[in-house]
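These are my notebook entries on a structure that I looked up. I recorded each point in the order in which I examined it.

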Amino acid sequence: MSVGMHLVVSGFSLGSFYALVALGFALIFGVTHAFNLAHGELIILSGYLAYFLWRGLEVHPLATLPLTVALMPVFALALAQLLKLVREPFPMNSLVVTFGVALVVEQALLSAFSADYRLIQPAAPALMQVPALGLALTETQVTLLVLSLLATGIVHLWLTRTFSGKALRATIQNREAARLVGINLGRMRTSAFAVGGLLIGLAGPLYGQTLYLYPAGGLEATLIAVTLTIFAGVGRIPTLLLGGWLLGLAESWAALALGANWRELVSALLLVLLLILRPEGLKIRTEG
Amino acid sequence: MCPPPPEAPRLEIQDLTVTLRGRPVVQGLSLSVPPAALTLLTGPNGAGKSTVLRTVAGLMTPAAGRILLDGEPIEHLPVWERVARGLVLVPEGMEVFPEMSVQENLEIGAYVRRQDLARRLEEVYRLFPDLAERRELPAGVLSGGQQRMVTLGRGLMSGAEVLLFDEPFLGLSPRFVKWFRQVFLTLCSRGFTLVVASQLETHLLLPEAAAAGFLEQGRLRKAGSGPELLADPELAEFFHTVPA
Amino acid sequence: MRQGGRHGWLLGLAAVLLLAGAGSGKAAVQELALGEINPLTGALAKHGLEIHQGIALAVEEVNARGGLAGRRVKLLSRDDQSRPEIALNQAQDLITRERVVGLVGGYVDTLVGPISEMAAKHQVPYVASASLQAALTRKRHNPYFFRISNLEGILSPVCRLVGEVLRPQQVALIYMATPGSLEFAEGVEERLTRQGIRIPVKEKFRPGAPDFSMALLKVRMTGCEVLISGGFYPDNLLLTRQLREQRLQLQALLAPWGAAYPSFIAELGELSEGVLGTCAWTPGVTWPGTEKDSQAFITAFEARFQQSPTTTAMHGYASARVLLTALERALARSPAPTGEQVVKELRTLDLTLPLGRVRFDAHGDPLDYHHVVVQIQGGRLVPVYPPERAQARVMVPLPAGRK
Amino acid sequence: MRLSPRAAAVFLLAGLAGWPLLGRWPVGETVLGLACFYGALAVAWNLYALTGAISLGHSAFFGLGAYGSALLGYHLGWSPALTVPVGAGVAVCYAGLWCLGFARLRGVYLGLATLAAVEIPRVIIDNWNSLTLGSQGLVGLPPLPRVPLGPLTLALGTDTRAQYFLLLALLAVSLLVHHAALTSRFGWAWRALRENETAAGLVGVPGWRHRSLALLLSAALTGVLGAIYAHILGILEPPLVFTLHLSALPLVFSIFGGRYHLLGPALGALLLYPVDQLLLRPWLPTGHAAVYGVMVILAILFFPRGVAAWLERRGAGGGEPGPKTASTGGGREAGAPADPDPPGAPGGPPCLEIRGVSKRFGRRLVLKEIQLTVQTGEVLAVLGPNGSGKTTLFNLISGVLKPTAGRILLFGTDITGWPAHRIVHRGLARTSQIPQPFPEMTVLENVAMGLMFGSPGVPRLEAALPRARELLELVGLTPQAHLPAGELPFADLQRLEVARALATGPRVLLLDEMAAGLGPQEVIQAARLIRLLKRQGLTLMLNDHLLTLTARVSDRLAALDQGELLAVGRPEEVLGHPAVRAAYLGEREENSDVSAAP
């Protein structure tokens, strides 16, 4: 496999990973304006659930997904219930409340699962070869690419093709008008948290399979999610994946060309420059 | 009180009081809205017209009083249930979903009643050919008048038969005003019940209004049919005066 | 506002806490207060908790045999949340309010450094459990600061193994943006270059980096035979997995910090096979002559914590033993020894612990700190270097992934 | 007893200073000192937040301050007394780059940019081994100096009590700055920016300058704190200072304490930090973080606007809602409006010239080479159907938007591309079609903003109030003077717009859809007002649909359609113009109102 191909594969899989981590946050933030700093902790929790299921039952790592995807919405909805109690100014206060929630969850994870680092191993470490393109992918990379495309695609289709999805977008764009056409904002909020929880359930096992799980690891995940969501522009699911890829490619390129010690500088400069040039994130600018 | 209309009223407001931060903005207001006709609420600024409509639609909670839709009380219902029962408010201003296409904006209007959406969409496009041409455009790039059409079309898409309009003429040029008036009359003739709150261009609507109310400082000062109010000498100043 | 009544209790609670805190400063006269500061939560919690266990065990042993000069030792454990300024706070609180006779614990120089400064300021002896940065003892003379580990004990076996046994032409070096790891990388580079080994890949990462694939690509492109990683435990988990996933062919992967833990094997399974690490001690790798003590420690540790001790726990245990011994000797001379008197005992201490012999030089650095290179063979940690302590030969090359 | 916030601050500081003198410490000196330190940090952060900007990157200033000072001390052995200001200077320089780079960013986008901006100095310092020793860090930094203070010598480096007083003094200084920022003219400008940035520009507040000033001040204070932190620790490494933690804590403290209160941010730090550090920890060696988390959650649920706001509402003192609320002087100020400018006859010299102005949004050309001259003293109304570009034209003239092509001259000066506030200072004010109040300020304060920041400008709020009351009287808003502007109905807001625009002291006034939403009675009042203003010598430009108004009061009309100027001239000429009738009134005109126009 050529160096260029290596770069592309790593960049895209890293970017896909970023996007998967960010999806749930982006959805919840877009609809409810809740700045959920406990997002990363929930992903870690989901990862731990998958880890112990995988260890206990010795199943394929991906076989844990149904459980985490089913369970995480419960936690997300519990968070939604807590956030219902938060009063104005909501965005600021939700930020501080979820900061507290993050502390509590981290501590709970520490007590429940100890401070040890946990890894979920992919089932088959075999490389998947695509000789025609000169490609060789690890299972983790394939999983990340496929699942991020799938998740982004499904969420995008849901938002653009179904009534409930359109209602959710309508709520993001104009809450008052959404109420007036008969959209139940409470239900939108619930479905945003539920679907966000679903996506967190999806991201957790992959987080454990790509990185490692430990109680304090949530901060990293939250940072990725916040960065990408704002970078891509609030409420835009496809650009989230594009933004993730762009960031992943830039970081991989920097690590290859300049050295690993410069990668954070490159991604920071990229973010800052793009924000300065397109002050509303990556979104496609509308006229007028 | 106005004489009871021949048919049972679609919408009845009984002794409605609404307060905002402890101050009453609507006080003891009662009004009957006849079916398949135009009802006009008018009066100077701050009289409480918008508040009445917003309370009927469910955006505000009344401090006292009842709101009956087809004889059933609805004042305790949330907005979406009122929409489901066929009552929808078309708000003041250009309240569109700016990044959704015109078509999506209209479709979302049918959120609570999705059966034969295609037919209603067809009707709305027939009513607003301008929108049909621009169905793929994001609603945010349309002109003000076109955005108003989207808002109105969205209200029609809900399948509601009782439509409340809050200051529909605000910011529209005379050409659009006349055109919208024509749309209102068409709708009434098709069986829709319209309640319009407006202090603009009342001389255009009053002659057509089956019922009308003149509000001042949160109270209903005059009620009657549109032409009656238009003829009322006490209101002549309000309706006819031109700047001296 | 009516809400006032409902919320007053919160402020009341805070006030009660403040008052209670104000009253809790008195230590019982008979007890000796010993302060411990470790990262018990946050990014470094795993190792902090291990050190804490070792220290707790040492203190419990002393109390079980009647304390020091008849006085019970009360261990005050504090969490620095893996953040230096909190470590500073805790040190100050332990010293000025709790009046501890000495400080112990600490993982990573970033956290140890501020504690050592505070110890010097208040003339309280501090024995660090895990600290490497040369500058902490060499750049600034701190008579109250001692540590039981140093870099030389790790550098020497690593570089000698590479130069004498593996003998590659090219080595790739990955290290972290922390003082200890940086000094390690510089030491390795200097010594290996002197032996004529080229280092074409030298990559610095931030601890917790999510992706090593580009560095691994460079290793592949340059054809380095050996990869030395100065990363920490989690970094090495990730590095090893990515290396194996990408089927990188290597003679050896040498990761001083990380590989020598049973949990490393447990988490990585087959992927860990053949990875080289170093440790000063681990169950089965003990200093000659201390086998009995080691076994006693392992038994006691397992009985107390229901898990096997790690090399990090042993560092905690050893540091506490050192400080407690010096305290005991100082108490023998004076019923209320000053920090200076304890320091004098520390300076002249010569103790053999399961970790090995402990003596300090004039800077407070250990004179006899030696790591053993271990390799994961058949799912076990097997010492392979230096020859006098080896139980097996170094297995090369590194098996390339499963199957 | 009711304490003013200033008195509460003095009591608090006196209490903190007196505590150690009374005898035993309730908690460790270092902890209380660091609580003061974090209090000062939270205040420093809040200075920038007062302009409405939420920074997630203040650790950049903290770190640069620390490195700027530490490097000089480390390499050259200079005393911290000399190097700490240098550190602050370095932080300020980086803040200057932010001012230039992030000028257009707002809200969460600004937050992200600031978050990313921390990485830039961090990575550079981490890799510049020859200067900064990189990741190896600087060990053995010079301790804080011994300061002779009369008979006493404060050994700031070794004596923790002396250090405590230093940190307390820093808190006092930052509170002093905070107080000044909340009550001064600057404070009002920052509050205006925070509440409504567009409106701030329209009353003449130079937004960029004030936001930058707040940031530079905030960065300087943060830099000083960072430098002192480095010397207290004695060692410095990039991960010690460039942390998300140091960026986030001030935010948590400020929100917890109450962002717009003098004591809010400091109180947040003084309450939360010691409780977390000392009172929970010894009891719960590892579980304290959860308890702390629960405390934070409960506090926000019960005190959504911060502890200081809650204390103040209880009447126990401790904070104030932003700048002091204007005093409620009940009596009406007598006297006529200020001296009118010499009345200019219609057809006087041109005061506003629009030369070939075009505006393009994306692919849409909204205005096409508009050529229009407004004479001094005349009333000119712009007519046109919806979307014909009237409001865009007003936006171009008032500096809200920049033209794509062409030039605009005001009193002969080329003002093309000028920001809104400069144009205001040049004597042109406008009202907005969608009212832009400062929602949390009272109606009176809204108008006072115009007086304070317009031309010539009034240095203090109190000095602006009498004239502000006159203007409210003029537009008939006197009864609502002390209501928050956010509570006014639409029509009152429009009147407020007029009063506030007049307050800026304009010679040219643009009224954008002033009559939209007005009833017939109110239209008459509006017409009277326009005539009055004209008599006082103002030049007026209107944009309105309501022909009953425009045709009656205007000297000239200008008709726009689809971005093109169809006709300019006397009302009857323009209304008779066939193209105008077609575009604007529909093909066949039968509206009585229109035919009644002269």
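I began with the surface of chain D: its accessible area is about 20,600 Å², and 61% of this belongs to carbon and sulfur atoms. Such areas come from the Shrake-Rupley method with a 1.4 Å probe, and for residues only the protein chains shown count as cover.

I noted that this is a predicted model, in which local features need pLDDT of at least 70 and side-chain atom pairs count only at pLDDT 80 or more, while totals for chains, interfaces and linings use all residues. Residues are numbered from 1 along each chain as its sequence is written, chains are lettered from A and ligands numbered from 1 in the order in which they are written, and side-chain values use heavy atoms, with hydrogens and water left out.

Next I looked up burial in chain D. Of its 598 residues, 63% are buried (under 20% relative accessible area, with a 1.4 Å probe and protein chains only).

I then listed the secondary structure of chain D, which has 26 helices and 14 strands. These are DSSP runs, numbered from the N terminus: helices are H or I of at least four residues, strands E of at least two.

I turned to helix α3 of chain C, residues 84-96. Because 12 of the 13 residues are buried, α3(C) is largely enclosed by the rest of the structure. Among the buried residues are C:Pro84, C:Leu88 and C:Ile95.

Finally, I checked contacts between chains (heavy atoms within 4.5 Å). Of the 5 pairs in contact, chains C and D share the most contacts.

Notes:
Expected span 1.5 Å × (residues − 1). Buried < 20%, exposed > 50% of the residue type's maximum accessible area, 1.4 Å probe, protein only.
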